[in-house]
Each structure stands twice: as structure tokens, then as C-alpha cells.
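Hi everyone, thanks for making time for this one. Let me put the structure up on the screen.

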Amino acid sequence: MENLISLVNKLQQACTALGDHGEESALPTLWDSLPAIAVVGGQSSGKSSVLESVVGKDFLPRGSGIVTRRPLVLQLHRIDGDREYAEFMHLPRKRFTDFAAVRKEIADETDRETGRSKQISPVPIHLSIYSPNVVNLTLIDLPGLTKVAVEGQPDSIVQDIENMVRSYIEKPNCIILAVSPANQDLATSDAIKISREVDPKGERTFGVLTKIDLMDKGTDAVDILEGRSYRLQQPWVGVVNRSQQDINKNVDMIAARRREREYFATTPEYKHLASRMGSEYLAKMLSKHLEQVIKSRIPGIQSLITKTIAELETELNRLGKPIANDAGGKLYTIMEICRMFDGIYKEHLDGVRPGGEKIYHVFDNQFPVAIKRLQFDKQLSMENVRKLITEADGYQPHLIAPEQGYRRLIESCLVSIRGPAEAAVDAVHAILKELVRKAINETHELKQFPTLRVEVGNAAFESLDRMRDESKKNTLKLVDMECSYLTVDFFRKLPQDVEKGGNPSHSIFDRYNDSYLRRIGQTVLSYVNMVCSTLRNSIPKSIVYCQVREAKRSLLDHFFTELGAREMKQLSKLLDEDPAVMERRTKLAKRLELYRSAQAEIDAVAWSK
């Protein structure tokens, strides 16, 4: 069972070392889930004397006004042998054997945190005392409740102290040690008043009655100690501390404990209660109760730790890894993030993620529809056919077929295909740019670095622009190729016209009859449709080769080349992470370290059993 108190001691120390003081924050807190005993009392209630009696040493600062200005987590460790020493967590390699030096260090460490302004701080001081004369126990000494601010303190100090005390004792895992003086009316006790507010049924509250020996003659505290005046679920314990005169005379704790035992054993009113009175009994009772509470809470703490570790790891993964300090590390980080973006982009194109199917829609729907909508009526109207044929013949009519006229008619039709071809290139370009935006938004690592995000986007768009321009050149070349060289076999398979058409004696404008010109128009249209069918297949291939394939292969190649020439300062500018994100990651990493440490400590105790 002693291992359980030691376990909580280690966890409390880890909490303080890693910044978990139980205060309200955006981070999960382990501190609040750990069972603890908080010592609460008003000024001059004898709170410090009770703690010193439990420890058996004079070690707490004394004086007028508010002496305790930071929570003191007092961890008692029972050891074999005669040695007695103390250690502070903030001075891990220093042992104190002189407890007057311990008192001075508590005061000095308080001033380091709060200054000499008599302000208070929620950051606890951890003090471990090792002695054969103590029981395994952990107590948290809180600033004494007060009703008025003294000189040098802000008016808010009264409420500040109450808020700090309340923040500890309102938690369901906190055991309250309410210290009240017997020579004052219990109804006015600060400790009882605030304890009743947070624990109205008295299930977590232990009452400690001090200064019993200073009560007026003819009065006693039996009704309180037996629970009749103010009932608690836990017992009341009376203690007799050293008087101020004893303190001034340096009466040691061993003698003081002996006198305390004698007082309860020999005072008629308290004889029947003597076995459960005194600071020694109080320490043993609290130790046993704390062990039982810890044992009952361990399963819940384990569950909380496991759940919180998973949540912290998830958020840390979302925030990404911290930035390296050296140029090589920064360059590697940038390259890795760019590769992640590139991988997501390829997944969109390959169908793993949505978006790539829009490119097929351009080839299968938009481009063919655009070609079908081309109006060749104007180029192949009777008037235009006659005009181009006769103009092509010049001063000498053709002998067999109007070859030059055919070429001019076909060329005038095929040129109009350039529009749909360019539109197809631009449509695919727009889709590729849209997928860049999607991939950037889906690359979580880029969200860390706004400047890198912009630069990657700009570099990708510039690459796509270059690919579009190259694709346009190649696509239009396909159209121009069809214009520059006609498929001879197509015309060879046409039926030969017996009527040569025209009569040299006629005017150049009526050389051909309408029937013959109409047949020329139909032949040209058939040829143009054949070419359109060919281009409908070859232009998508050209676009895929020049744009889609290149986007998959070398989207960020130019960016990578330029990146290698950048200096440290420029690389740092790319990784300009939001300071709030950096701070959040650091805090999460510390808190994750705390929870993993806690998990290991609990597992070690479980295995040892």
C-alpha cells in the first residue's frame, strides 16, 4: 500500500516539473485527477503547527500576515535508519539536513516566483522529507484564509487566496483537512465555512481542532470532537501544538508530542478520546485513508491516462512535427511536405481521390460536343465553294479535279477546329489547377506554414502554365498537320466524275454547275468529318501527354531546383509557423511526456504487485 502514496508523489512531482498545476487551461490536467490532502485554515488557526507536529520538525516560515503564498506539496517518506533530510524538487541534487535552512529555502523560493510584493502564486513548491519518524503521507499546505489585506498587498488578495484554496478543495479527488482553533466559535471558522460550501455532506472533510489547551476554563471541545456540534462523515481529531513560548524556547517536537499525549491521557474530559487524538494519530489516520482513496481511484486514473494519451497524440499529429534548426533539416522538412502534397495530387489524378474523372469528362463530352457544334455551312456554302474553287484555278482551269480548291476548302474548315482544341487544353488546365488547390487543402502539413503553402501553390500553378503552353503548341500542331497534308487514299476512293464540269468558253463565274459544286462540298465535309474523328482521339492523347503526365512527373521540379539554392534565412521564411501553433505543440509534447511517465509509473506499481 505504501507504494501507492509513493506513486502519487512521483506523479505530482512530474506534473509540477512539466507545468501541470491543475489550473484551468486548454490542456488536459492529470493533477486534478490525483488524490491529495489539502490543509485549509484561517490565519492563526495553528495550521503550520499541525504540519510541523505531523512531520516532527520545525521547518515552516513564520511571521505576521500571509506567510504561505504558494501551495507547498509536502511529501513524507518513512525510511529506516537515523538520518533525517529534506529535498526540494527545484534543487534535485541538494539535501538539507538543517531544517532551519529548509525554512529559509521555502521563503526564498516563494520570493523567486512572486517577488517580495506579498503576491500569491498557484505554482506549488515540492518538498520531500525523509525520516524514520514520519508515515508515508502527502499534504498540500495552502495559503491561510484571511479577511483583510495587510499593507503591501492588493485589495484582491482576500478573494485571490479564497479562489486558490477553492480551486484545490472543490475537486472530488481532494481530501480536505479543515483546521479550526478550539478557542474560537466553530461557526466563524474559515476552514469549516469554505469546506461546507464545496463538501456540504462532509464526505471528504477531516476536522482538526487546535488550541484545545487554550480554551476558557470550564469549557471543552468534547461535543465537537465527538461530532455532535458539527457532524462530518470523517472523524474530528484534536491536537495540542507547541505554544509560542515553547517555540521561542526551541522545545523540540519529540518533547512536544510527548506532552500532547500526556495532555489527552490526563485531562478528564478527553481521557476516553485519547487513543484517537494527537498529531501522531492524525498522521497515521490520514496515511491510511489516503492509501484507500488512491487504491479506489487508480483504475479511473489509468483509463483517463490512456484516453488522454490517444487524444494528445492525435492533436500532435495534426499539428505536425517541430521545425528543425539547421538548414539541412529545414530543407528536408520542406521537401518531405512537398512530397506529401505531390502524392496527394497524384492520388486525385489516379482516381484514389476524387477529381481526376473531370478530365475524362472533357475528352468524352465537352471536346466532342464542341467539334459537333462547329458550323461548316458557311465554308461549304454554294457561293463559297464556287468562289474558292474558281479562285484556286486562277487563269487556267483545272484539268481533272480542283485540287487547289479542295485544299483551300478543307483548310478553311479545319482551321476552325483550333478553337475546340485550345478550349480542351484550357479546360484540362483549369481542372489540374483545381486539383492543386484541393491537394494543398488536404496536405495537413502545409497548414502549419502559410508562406510555404503559398509558394508551393504558386510553383505548381507556374508549372501547369508552362505545361499548358507546351500542350497548346503540340495540340495545335496536330490540327496544322492535318491542314498541311491531306490523306490521299480518301480521295482515291471517291467515284470519278465523268463530267469534268464547266466549259472553257463560259465565264469564270459560271464554269461549274451547282450539282458539281454541291458534290465538292459534300466531299470536303466527309473528309473534314474523318479528320475530326481522328483529332477527337489524338488531341486528348496530346493533352494527357503534355499536361496530365507531366503534372504527375514534374509538377514541382522547378521549385525543387530553385529550393536547393536558397539560403538558411530564406528556408526559415518558408517555415514561418504560427507562434501560437508552436507554443501549443510544445505544451502538448510536455503534457504527453507527463502522461506517458504516469502510465509507466502506474504500470510499474501494478507489475510489482
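I'd like to walk you through a strand with its neighbours, and then a pair of helices.

A quick word on the model: it is predicted, with local features needing pLDDT of at least 70 and side-chain atom pairs counting only at pLDDT 80 or more, while totals for chains, interfaces and linings use all residues. Residues are numbered from 1 along each chain as its sequence is written, and side-chain values use heavy atoms, with hydrogens and water left out.

Let's start with strand β3, residues 85-88; strands here are DSSP E runs of at least two residues, and helices are H or I runs of at least four, numbered from the N terminus. Y85 and E87 point one way, A86 and F88 the other, and all are buried, meaning under 20% relative accessible area with a 1.4 Å probe, protein chains only. In general, side chains in a regular strand alternate between the two faces of the sheet.

Who pairs with β3? Strands pair if DSSP finds at least two bridges between them. β5 (residues 125-131) runs antiparallel to β3, with four bridges, and A86 has I129 as its bridge partner there. β4 (residues 91-96) is also antiparallel to β3, through three bridges, and in β4 the partner of A86 is F96. A hairpin of two residues links β3 to β4.

Now the helices: α11 (residues 357-372) and α14 (residues 418-442) pack at about 160°, axes 10 Å apart, the axes being lines fitted to C-alpha atoms over the stretch in contact, with angles from 0 to 180 degrees between N-to-C directions. They are therefore roughly antiparallel, the term for angles over 145 degrees. Thanks, everyone!

Methods:
Buried means under 20% relative accessible area, exposed over 50%, partly exposed in between (1.4 Å probe, protein chains only). Angles under 35 degrees count as roughly parallel, over 145 as roughly antiparallel, 65 to 115 as roughly perpendicular and the rest as oblique.
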